[in-house]
Amino acid sequence: MDSLYQEIILDHYRNPVGRGLREPFEAEVHHVNPTCGDEITLRVHLEGTGESAVVADVSYDNQGCSISQASASVMYELLLGRTITQGMATHEAFLALMQSATDESGAEPDEDVLEDAIAFSGVAKYPARVKCALLSWMAWKDAVSQAQTHGGNT
């Protein structure tokens, strides 16, 4: 399984989905992982309002390690077309997966929710790399919060 997961991560790293900054967007954020220097600029475009707003686009430009770049690509695939409520649930599931190495509950990650993101389960064993995997997800959550608080910035 580990080699399959590595292949999924490498495929998303080599062939990123959704990469490139696009308009329109309601919020843009820039996050940096000071530990390793990974960076992402992320824009979110929502259609509708409130928790039922749909993620119409997540565009990003990132640089850094293969884990942070692949994670952004997987995130794009998982969140596009979902409501904010669904996206936040997926975000929470991914966060739980990344914290699973320190989680004593022994709960199994939900592959139906996480899809390709399940490939990052091995990353949880390396605390220094967890921040790499979470960088784009935290940027997305921040951008959605800003978009919902401030409305359109385009």
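Start with the charges: select Lys and Arg as positive and Asp and Glu as negative, leaving out His and the chain ends. The protein has 9 positive and 23 negative charges, and their mean positions lie 6 Å apart. Each charge is placed at NZ of Lys, CZ of Arg, CG of Asp or CD of Glu.

A quick word on what you're looking at: this is a predicted model, where local features need pLDDT of at least 70, side-chain atom pairs count only at pLDDT 80 or more, and totals for chains, interfaces and linings use all residues. Residues are numbered from 1 along each chain as its sequence is written, and side-chain values use heavy atoms, without hydrogens and water.

Now colour by secondary structure. Look for five helices and three strands, in the order α-β-β-β-α-α-α-α from the N terminus. Helices (H or I, at least four residues) and strands (E, at least two) are DSSP runs, numbered from the N terminus.

Next, go inside. Buried residues (under 20% relative accessible area, 1.4 Å probe, protein chains only; exposed is over 50%, partly exposed in between) make up 43% of the 154 residues.

Select Leu-42, Val-44, Phe-94, Met-98, Phe-120 and Trp-140: these have the most contacts inside the largest nonpolar core, which has 44 residues. Such a core is a set of buried Ala, Val, Leu, Ile, Met, Phe, Trp, Tyr and Cys residues joined through side-chain atoms within 4.5 Å. Then pick α5, which gives the largest share of this core, eleven residues.

Last stop: Phe-94. Its contacts (heavy atoms within 4.5 Å) include Ser-71, Leu-114, Phe-120 and Trp-137, not counting residues up to four places away in sequence.
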